[in-house]
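Here are my notes on the model you sent over. Have it open while you go through the points.

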Amino acid sequence: TGGLGSCGRDLCCATFLKDFEALPQFKDSFGVRHAAVIVSISQISETLFILTIPFFLQRFGIKAEVLRPLKGELAEQQRYLEDVMVRGFQGMAVSPVNPDSMTPLLDRVAEKMPVICHDSDAPKSKRIAYVGTNNTEAGRAAGTAALKALGDKRKGKVALFVGRIDMQNAIERRAGVEEILKPTGLEILPV
């Protein structure tokens, strides 16, 4: 493993998967033995999906342009949104990096065009819709899976790994995990 992910950060997903080598029930699993392959396939499939969006929308007479910040930083995404307003787009779909910080700018964009949030929501903004996962429920599912993997060993500390903890999807998923794990007495380490 090593290098930079599409988010511009050191690759951590594959490294994290390799940590499961220490657990006998996962030691010989495909995901542990081929962690880099799993992460690469995931990144490639996400990129391919994003690149195909304009082709699918074209069937409905919609011209789409995909703008993706390289580092996924707040200031970078804000610059993209400012650019969208100036270029005269008729609508925008966005996965806000930091919903609370982005809300005023999203509201300004929403005055000019419809705004849809996807993957990460900005519920306080004037966006017209959110398309994505019920992230709290996904967190509950992850917490339940963690308890199952731990079996009877439900004492100690648990660390949650997420790409960006300030994104709404990560905030909601963490809340779901905490809802399941906190009553067990496991200590959830701060991220």
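**Notes on the helices and salt bridges**

1. Let's start with α5, whose buried residues pack against α4, β1 (92-94), β2 (115-118) and α7. Contact here means heavy atoms within 4.5 Å. Helices (H or I, at least four residues) and strands (E, at least two) are DSSP runs, numbered from the N terminus. Before you read on: this is a predicted model, in which local features need pLDDT of at least 70 and side-chain atom pairs count only at pLDDT 80 or more, while totals for chains, interfaces and linings use all residues. Residues are numbered from 1 along each chain as its sequence is written, and side-chain values use heavy atoms, with hydrogens and water left out.

2. Which residues of α5 are buried? They are Pro99, Met102, Thr103, Leu105, Leu106, Asp107 and Val109. Buried means under 20% relative accessible area, exposed means over 50%, and partly exposed is in between (1.4 Å probe, protein chains only). Have a look at the length too: α5 (residues 99-110) has 12 residues, yet its end C-alpha atoms are only 14 Å apart, short of the 16 Å a straight helix would reach at 1.5 Å a residue. The expected span is 1.5 Å times one less than the number of residues.

3. Asn98 sits in the loop between β1 and α5. Asn98 is buried, at 16% relative accessible area. A polar atom of its side chain lies 3.1 Å from the backbone nitrogen of Ser101. Leaving aside neighbours within four places in sequence, Asn98 touches Leu74 and Asp166.

4. Now α4, which has 14 residues and spans 20 Å from first C-alpha to last, close to the 20 Å expected at 1.5 Å a residue. Glu76, Gln77, Leu81, Val84 and Met85 are buried in α4, and the buried residues of this helix pack against β1 and α5. Just after α4, Gly88 takes a positive phi of about 80°.

5. On to the salt bridges, each a side-chain nitrogen of Lys or Arg within 4 Å of a carboxyl oxygen of Asp or Glu. By this rule there are 8 salt bridges. One of them joins Asp83 and Arg87, at 3.5 Å from N to O. Why are Asp83 and Arg87 about one helical turn apart? Because they are 4 residues apart in helix α4 (residues 74-87). Asp83 is partly exposed at 32% relative accessible area, and Arg87 is partly exposed at 41%.

6. In helix α6 (residues 135-150), Glu137 and Arg140 are 3 residues apart, about one turn. They form a salt bridge, with the closest N and O atoms 2.7 Å apart. Glu137 counts as partly exposed at 41% relative accessibility, as does Arg140 at 24%. The general rule is that an α-helix has 3.6 residues a turn, so residues three or four places apart point the same way.

7. Are Glu178 and Arg174 buried or exposed? Both are buried. Their closest N and O atoms are 2.7 Å apart in a salt bridge, and the two residues lie 4 apart in helix α7 (residues 168-181), about one turn of the helix. Elsewhere, salt bridges with shared partners link Glu65, Asp83 and Arg87 into one network.

Notes
Polar contact = N/O pair within 3.5 Å; in protein donor to acceptor, adjacent residues only side chain to side chain.
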